[in-house]
Amino acid sequence: MFVHDIIQFTDVSFRYPDEDKWILNKLTFTIQAGERVVITGPSGCGKTTLLYLCNRLFPDNCDGILTGSVKLFEKESTSYIPGEINHRIATVFQDPDAQFCMQTVEEELAFTLENLHVPKEEMDKRICEVLTLTNLSEFRHATIQKLSGGQKQRIATACALIMEPEVLLLDEPISHLDPYAAKKYVEWLDCLQMKRKMTIVAIEHRLDLWGEFFDRSIPLIQGKSSSPLERRKNSLKEDVSIVVSKIKAQPFLKETSFSLKQGEIAVLAGPNGSGKSTLLKALCQLIPTSGKVEPSFLGYVPQSPEFLFITKSVRDEVAYGGGSNTEEILTRLQLQSVSEAHPFAVSHGQKRRVAIAAMLCDGREVILMDEPTSGQDAAALSELFQLIDERARSGATFVIVTHDMEFAYCLADSILLMNDGRLTGKFPASDVWKNERLLLEHHLLPPKGLLSYEKCFA
């Protein structure tokens, strides 16, 4: 079979116009047709920027400064007119909301086909095919903004695939998927790639669920070394910190009650679309609810952290709540280098750390976090783990939504399980990891840390 180059970078450097530092510096690599390549490196090192150079979003859409040569399908990328390459190289963004234009799934898929000038009589067939392929047929008429983060990510993948691209660019595609769905996504993508012979280029921090999927990796720069997380000791105190009484939100969230003690770290887990983010919003009274939550003064880090930003620099954002340890938090969460940048101008992983840092500085006694591990490299996860542990030992209580079972295994005192809009129970964390029925019912996989722990004490 004739093998040809799909993407070729030669001495490529790139920086934004208002910055002196090159975010990519003399980068050279080649990706051939049919390859499966993963881009690795610490948060903020330029992985997403690299992807945007591959699909010609950059430098045209950001006034960036580019030197060196970028070839796509053996032609200089600058020789393509705007939009010409984007049906051959399709992209699934890290934040799927950034690529949706229409209200419903069907309308979004039809809009994509209209941009490709697909005849109207062919559209229904193409839409049916891609929804069947991605197991999303039940969502055809769903309103996109009412779907969970994980469901949106699958819809975004379907929108990319309906273009029948030769290259699929994926920016952390499983970051918002529950463990079971992530595993199935990788299996499905494996079959799809073999069937369509697509070239796949993905950015990923968590490679454990990908198994042997990728042929090779392209590391941008080496991340800061960090020790593997270890299971923390219990930090529960006697006094109750938060009491949730019969809280309910129409039409999806069923009546929910639970309580947590001071110093308790509870992980809220369950399948995509089970109501985890909805429950956090209900606890903060961000959506119409009935019932009672005490105390009402809760800290909240949403799944889309930029919704919190109200200042013009990372440092001001972190300091906004009046905390006295701003500089320490900036340093520990690796934000000093971007402290003067606008919060909207930093990477996705850095945005999340900015929101977390602001809340940790704010002195809240109860903090809710929605997917804080998304987009974080190992070093950032390690520091986040330590900060949460320290705050818990000083009496703060946490409710954390995460699909990262290794992080949850090391961190959680208790597990709140959800399914179909209902809190199915609160369990000691150790009881959940060994209960195959609970794991299966809630689309969870046993953490590898549990297996290592059992081997040590076997």
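Mentor: Two rings of Phe, Tyr or Trp (its six-membered ring) form an aromatic pair if their centres lie within 6.5 Å; planes under 30 degrees apart count as stacked, over 60 as edge-to-face and the rest as tilted. A search of the whole structure finds 13 such pairs. This is a predicted model, where local features need pLDDT of at least 70 and side-chain atom pairs pLDDT 80 or more, while totals for chains, interfaces and linings use all residues. Residues are numbered from 1 along each chain as its sequence is written, and side-chain values use heavy atoms, with hydrogens and water left out.

Trainee: Why is the pair of Trp210 and Phe214 called tilted?

Mentor: The ring centres of Trp210 and Phe214 are 4.8 Å apart, and their planes make 40°. That angle falls in neither the stacked nor the edge-to-face range, so the pair is tilted.

Trainee: How do you know whether Trp210 is buried or exposed?

Mentor: Buried means under 20% relative accessible area, exposed over 50%, and partly exposed in between (1.4 Å probe, protein chains only). Trp210 has 2%, so it is buried.

Trainee: What makes Phe309 and Phe344 an edge-to-face pair?

Mentor: Their centres are 5.6 Å apart and their planes are at 85°, an angle that meets the edge-to-face rule. Phe309 is buried at 8%, whereas Phe344, at 42%, is partly exposed. Phe309 lies in the loop between strand S14 (299-301) and helix H7 (314-319), and Phe344 in the loop between helix H8 (326-332) and helix H9 (348-361), so the pair ties together parts that are 35 residues apart in sequence. The helices (H or I, at least four residues) and strands (E, at least two) are DSSP runs, numbered from the N terminus.

Trainee: Which residues do ring pairs link into a cluster?

Mentor: The cluster consists of Phe14, Tyr16, Tyr52, Phe58 and Phe93.

Trainee: How do you know that the charged end of Lys75 sits over the ring of Tyr80?

Mentor: The rule asks for NZ of Lys or CZ of Arg within 6 Å of the ring centre and within 35 degrees of the ring normal. The charged end of Lys75 is 4.6 Å from the centre of the Tyr80 ring.

Trainee: Why is strand S16 (residues 397-401) described as largely enclosed?

Mentor: Five of its five residues are buried, so the rest of the structure largely encloses strand S16. Thr397, Val399 and Val401 point one way, while Phe398 and Ile400 point the other way.

Trainee: What makes S12 and S16 a pair, and in which sense?

Mentor: Two strands pair if DSSP finds at least two bridges between them. Strand S12 (residues 265-269) has four bridges to S16, in the parallel sense, and Ala266 stands opposite Val399. Strand S15 (residues 366-370) is joined to S16 by five bridges, again parallel, and there Leu368 stands opposite Val399.

Trainee: What makes S6 and S9 edge strands?

Mentor: They belong to an open sheet of five strands in the order S6-S7-S8-S3-S9, with parallel pairing. Strand S6 (89-92) and strand S9 (216-219) each pair on one side only. On the S9 side, strand S3 (residues 36-40) pairs with S9 over four bridges, and Thr40 stands opposite Pro219.

Trainee: In which order do the strands of the four-strand open sheet lie?

Mentor: The order is S2-S1-S4-S5, and the pairing is antiparallel. Strand S2 (24-32) and strand S5 (75-76) are its edges. Strand S1 (residues 5-15) and strand S4 (residues 65-72) share seven bridges, and Ser13 has Thr67 as its bridge partner in S4.

Trainee: How do you know whether Ile85 is buried or exposed?

Mentor: Ile85 has a relative accessible area of 1%, so it is buried. It is found in the loop between S5 and S6. Leaving aside neighbours within four places in sequence, Ile85 is in contact (heavy atoms within 4.5 Å) with Asn55, Arg56, Leu72, Phe73 and Tyr80.

Trainee: How many residues and how many Å separate Ile85 and Gly323?

Mentor: Ile85 and Gly323 are 238 residues apart in sequence and 48 Å apart in space, C-alpha to C-alpha.
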